[in-house]
Amino acid sequence: MSAFAAFSIRGILAAAVLVTGLALRASAEPVTPLVTVQWLKQRLTDPTVVVLDIRSAIDGGGAQAYAAGHIPGAVHSDYDKAGWRVTRNNVAFMLPTTAEIEKLIGETGIDEDDHVVVVPAGVHATDFGSAARVYWTLKVAGHPKVSILDGGFAAWKADPSNPVETKINRPSAKIFTATLKKTAMVELADVEVISKSNGAALIDGRPAIQFSGKEKSPQAKAYGHIPGAINLDSASFYDSVTNRLRSRDELAAIASKLPSGPAVSYCNTGHWAATNWFVLSELLGKSDVRLYDGSIVEWTADAGRPLSSSRTRWDDLKKALGMGS
């Protein structure tokens, strides 16, 4: 064997050992719901880490923002357009079917062995809800290793030493097989039973003015909340100054006002509710909380379902006169 051939073989073996070592390190590490910018920076070359940039019109970004600059190696999957939420039975923003989830995740270049780091813009509470909803969808699909980048792309960019690239990264499709985790989700029929039996706390993640019925989302057909629900505005978990979730102690203090036992998180479309689910389930370790993705939009699609509301005829008159909503 020539010296050149021996050198080449040694190089190949060294590369294989490096890749194997990185994979073993990644698989051995505990997966935390939130990861820091520093954590991600140290793993940019790890082939098992998929950086998933989900910026969309919700945060004022999308494909153009991604093209203008993103974390090196990140792939873009527009939260608002890629299919993370779909219309089913004439109800918008629902969880995709199993087949749709498998196609979406696989075509994004993700399989069960990857550690997915979801990267929102990091600009406001509703933007964090996008990351929480993508995280929840991946977990419901059975993906074992998912995290959200704490502070999002804004936190990454805040440190001028962190590299930013403009190259468009096209993911290579993989095969992802979903195994639905039904303990994290709840459907309309379940909520109808729960609302009658008080079988779980119904946590409404909308602003108080929508919970009360004084205002509503354009997608909702009626004003008010599911009878018996408790209002916990998801924005209360978010620090708008730092554009991050509050400290764990602060989160726990806010959540301590909720009753113990099983809980169902909902809002208008399961977006704000995803933040409440993420905080309660993933950060505070509440094992019996589920997300209702249909939320008020699905609930109010049938006028026969009950609602509790503080709305008055005067509110309706003001709306008719163009003085309210």
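Rings of Phe, Tyr and Trp (its six-membered ring) are taken as a pair if their centres lie within 6.5 Å, and planes under 30 degrees apart count as stacked, over 60 as edge-to-face and the rest as tilted. The structure described here is a predicted model, in which local features need pLDDT of at least 70 and side-chain atom pairs count only at pLDDT 80 or more, while totals for chains, interfaces and linings use all residues. Residues are numbered from 1 along each chain as its sequence is written, and side-chain values use heavy atoms, with hydrogens and water left out.

Phe128, Tyr135, Tyr238, Trp277 and Phe278 form one aromatic cluster. The count of aromatic pairs comes to four. In one of them, the rings of Tyr135 and Trp277 have centres 6.2 Å apart and planes at 55 degrees, so this pair is tilted. Tyr135 belongs to helix α5 and Trp277 to helix α10 (residues 272–283), and the two residues are 142 residues apart. Helices (H or I, at least four residues) and strands (E, at least two) are DSSP runs, numbered from the N terminus. The rings of Tyr135 and Phe278 have their centres 4.9 Å apart and their planes at 90 degrees, so they meet edge-to-face. Because Tyr135 lies in helix α5 and Phe278 in helix α10, this pair ties together parts that are 143 residues apart in sequence.

How accessible are these residues? Buried stands for under 20% relative accessible area, exposed for over 50%, and partly exposed for what lies in between (1.4 Å probe, protein chains only). Tyr135 counts as buried at 2% relative accessibility, and Phe278 is buried with a relative accessible area of 0%. Trp277 is buried too.

In general, nonpolar side chains tend to be buried together in soluble globular proteins. Contact means heavy atoms within 4.5 Å. Leaving aside residues up to four places away in sequence, Val118 touches Leu52, Ile54, Ala131, Val134, Leu138, Val146, Ser147, Ile148 and Leu149.

The strands come next. Two strands pair if DSSP finds at least two bridges between them. Five strands form an open sheet with parallel pairing, in the order β1-β7-β6-β2-β3. At the edges stand β1 (34–35) and β3 (75–76), each with a single partner strand, so one side of each is left without a neighbour in the sheet. Strands β2 (residues 49–53) and β6 (residues 115–119) are joined in the parallel sense by five bridges, and Val119 in β6 is the bridge partner of Asp53. Helix α5 lies across β2, β6 and β7 (146–149), running at about 170 degrees to β7. Here axes are lines fitted to C-alpha atoms, for helices over the stretch in contact, and angles run from 0 to 180 degrees between N-to-C directions.

Strand β9 (residues 201–204) runs parallel to β13 and is joined to it by four bridges, with Leu202 opposite Val264. Three bridges join β13 to strand β14 (residues 289–292), again parallel, and Ala263 stands opposite Val289.

Charged side chains complete the picture. A salt bridge is a side-chain nitrogen of Lys or Arg within 4 Å of a carboxyl oxygen of Asp or Glu. The model has eight salt bridges by this rule. Among them, Asp114 and Lys174 meet at 3.0 Å, N to O. This pair links the loop between α4 (98–107) and β6 with the loop between α6 (152–158) and β8 (185–186), 60 residues apart. Asp114 is buried at 3% relative accessibility, whereas Lys174 is partly exposed at 32%. Asp150 and Arg244 form another salt bridge, at 3.6 Å, N to O. Asp150 sits in the loop between β7 and α6 and Arg244 in strand β12 (residues 244–245), 94 residues apart. Asp150 is partly exposed at 22%, and Arg244 is partly exposed at 30%. The side chains of Arg206 and Asp204 also meet in a salt bridge, at 2.8 Å, N to O. Arg206 is buried at 1% relative accessible area, and Asp204 is buried at 0%.
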